[in-house]
Amino acid sequence: MILIAAAKFLLLLAFCEAMTMKQIKNTGKMMRKQCQPKNNVEDEKIDPLNDGVFIDEKEVKCYMACIMKMANAIKNGKLNFEAALKQADLLLPEEIKQPAKDAIVACRKVPDAYKDICDAVFHVTKCIYNQNPAIFYFP
């Protein structure tokens, strides 16, 4: 199933077509099915992310890092902002593309204060949410 999702994702990249929010959320569900059990985190702790409630626990933070890894936003154990910007440009619907890129750029330096990738992802994601809560989505 994950291979099918990856193939669809790569096809979308190949054709440079933006995804709809429905497609983004469906892909997010597949990512969640992979990352949630790996990090032993309950729905009650990750569902509130989209409402700006970030529970500061290792399992939540590492779940978030897992999602970012699957989205290719982490390379060599560090957040890769160039890849995140490129993916935002290619995949996000037009109406949220620029605000999302602006939020990513605004939060670019946040991870510099954290050695642990889980902590870095947690704080940069929180920053991105705070930049523009109206467009924020996290699986």
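**Notes on the aromatic pairs and a lysine patch**

**Notes on the aromatic pairs and a lysine patch**

1. Buried here means under 20% relative accessible area, exposed over 50%, and partly exposed in between (1.4 Å probe, protein chains only).

2. A word on the basis: this is a predicted model, where local features need pLDDT of at least 70, side-chain atom pairs count only at pLDDT 80 or more, and totals for chains, interfaces and linings use all residues. Residues are numbered from 1 along each chain as its sequence is written, and side-chain values use heavy atoms, leaving out hydrogens and water.

3. There are 6 aromatic pairs, taking rings of Phe, Tyr and Trp (its six-membered ring) with centres within 6.5 Å; planes under 30 degrees apart are stacked, over 60 edge-to-face, the rest tilted. Phe 54 and Tyr 129 make an edge-to-face pair, 5.9 Å centre to centre with 65° between the planes. That pair links distant parts of the chain, 75 residues apart: Phe 54 is in the loop between α3 (43-46) and α4 (58-70), Tyr 129 in helix α7 (residues 117-131). Helices are DSSP runs (H or I, at least four residues), numbered from the N terminus. Phe 54 is buried too, at 11%.

4. Phe 136 and Phe 138 are stacked, because their planes are at 10° and their centres 6.5 Å apart. Both are buried. One aromatic cluster takes in Phe 54, Tyr 63, Phe 122, Tyr 129, Phe 136 and Phe 138.

5. Elsewhere, look at Lys 33 in helix α2 (residues 21-39). Lys 33 is exposed, with 59% relative accessible area.

Key. Helix = DSSP H or I, 4+ residues; strand = E, 2+ residues; numbered from the N terminus.
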